[in-house]
Amino acid sequence: MKKSAAVLLGCVLVAGCGSGSTTEPGGKVVVNVNGQPPQTQAFDRKVFDEDVAEFEKQNPDIDLVPHEGFMDPKTFSAKLAGGQLEDVFYVYFTDPAALIARKQAADLTGYVKDVPHYGDLKQELKDVFTADGKVYGLPTANYTMGLLYSRTNFTKAGLDPNSPPKTWDEVRAAAKKLKDAGVTGFAEYSKSNQGGWHFTTWMKSVGGDIARKDGDTYKADFNNDKGREVLRRLKEMRWDDNSMGEKQLLEIGDVQNMMGAGQLGMYLAAPDNVAAIVNQFKGKYEDYGLAAIPEQKGTLLGGEGYMINPKASPEKIKAGLKWIQWKYLNPDRLEQNLQRYKDRGQPVGLPIPPIADIWTGEPRKKQEELKGKYATMPVQNFQAYVDGSEKTKGTLEPPQAQQVYAILDTVVQATLTNKDADHAALLKDAETKVNAVLAQVK
């Protein structure tokens, strides 16, 4: 794992990080990879560095050069043009489409047939990295949005914590009972672009979306019956039932704090929120449950993966794919990883790495069995979410997502702070503004 000064200096001064000579004098294939956690994330950094050392030991013909950091869209093109982009680079699910369109990622179609277990990955995740029948990357982790709830407050309100709401009508009914029991029944974000993010999740849950492809461009797709349904349901819980409480203009930290303090019944979230509440707000895993998104007509999909520098040689591509598969997509190492996490006091049981929800078939079955064996928390509390994710199609965020979310924030804010808000006018105004943003998408 330790690199000589000559190799590291050569990366900077001669070959850059993702181009130049394929091999070093000893005949090894040199592969620069990013995704190394910062030293402030001590556990994750230690695991990454241990994995680099183990991989190199098992593959003495490959020399990995790890780099801290992940994807930065602001500097990506400059790094690629300047030869400073790593051979193997991390991306969010929102990145691949644009990178593929700009030919900024290697075509891996002829290589993935040799990647073990590629066929067992969820198809919707592989689709993120596919265009015109060609493959440009590998997914390594994903999340979909579900319904996070307080089992403690459910019991307090006379609700069955083992039977969470499955529809928005059931969410509303549960929120009323939670309010009557003295807690906020349901909370929703509405600022810092997070209101628009969750409005998108609501739209997908009822079978709608935010944007649709119209020829070569995108158009807003929320000023319709689905959009009005979402705002109506928010209005009913906020104003008719008062089950969302008086305090609004919330964002994620506010809501996690409410849940950790035992003051909240439910909110929309991905599985990593459970760990955040436990770690940052002193909650307990046994006090929470996670269910599938209400209605299950769709949900927001996010995640991460890796792509390869378009300037990489065939040798680097093969070595890079070998690393990605070995570290991130390797059912054969799952038990070893779970044992390592458990032995070092890390939580095991949530559908987040090292138990990423990316598999189908036998790898998925094996993962679920091992998760139960090594769990440090009651995994049954989150089984409704895991089961629902198999049945609910996840789709990606809209183009120019953050700009779109900023516009939709105002729609959610008005609905939650003004009892007499004109939903039709709000949606029409937002549609005009979002269409102007989407018109810039190439």
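Visitor: Why is N32 called buried?
Guide: N32 has a relative accessible area of 4%. Buried means under 20%, exposed means over 50%, and partly exposed is in between, with a 1.4 Å probe and protein chains only. So N32 counts as buried.

Visitor: What kind of model is this?
Guide: It is a predicted model, where local features need pLDDT of at least 70, side-chain atom pairs count only at pLDDT 80 or more, and totals for chains, interfaces and linings use all residues. Residues are numbered from 1 along each chain as its sequence is written, and side-chain values use heavy atoms, with hydrogens and water left out.

Visitor: Where is N32 found?
Guide: N32 belongs to strand β1, residues 29–36. A strand is a DSSP run of E with at least two residues, a helix is a run of H or I with at least four, and both are numbered from the N terminus. N32 and L85 are 53 residues apart in sequence, yet 8.6 Å apart in space, C-alpha to C-alpha.

Visitor: How many aromatic pairs does a search of the whole structure find?
Guide: The search finds 19. Take Y90 and Y92: their ring centres are 5.2 Å apart and their planes stand at 90°. Rings of Phe, Tyr and Trp (its six-membered ring) pair if their centres lie within 6.5 Å; planes under 30 degrees apart are stacked, over 60 edge-to-face, and the rest tilted. So Y90 and Y92 are an edge-to-face pair. Y90 is buried at 6% relative accessible area, whereas Y92 is partly exposed at 37%.

Visitor: What makes W323 and Y328 edge-to-face?
Guide: Their planes are 80° apart, and their centres are 6.4 Å apart. W323 is buried, at 0% relative accessible area. Y328 has 21%, so Y328 is partly exposed. Both residues are in one aromatic cluster, whose members include F48, Y306 and W326.

Visitor: How do you know that the charged end of R333 sits over the ring of W326?
Guide: The distance to the ring centre is 3.8 Å. A charge sits over a ring if NZ of Lys or CZ of Arg is within 6 Å of the ring centre and within 35 degrees of the ring normal. K126 lies over the face of Y118 too, at 4.7 Å from the ring centre.

Visitor: Why do β8 and β12 stand at the edges?
Guide: The open sheet has the order β8-β11-β7-β12, with mixed pairing. β8 (184–186) and β12 (288–291) each have a single partner strand, so one side of each lacks a neighbour in the sheet. Two strands pair if DSSP finds at least two bridges between them. Four bridges join β7 (residues 146–150) to β12, and these strands run antiparallel.

Visitor: What do β9 and β10 form?
Guide: They form a hairpin with two residues between them. Four bridges join these antiparallel strands, and R212 has K219 as its bridge partner in β10. In the turn, G215 has a positive phi of about 70°.
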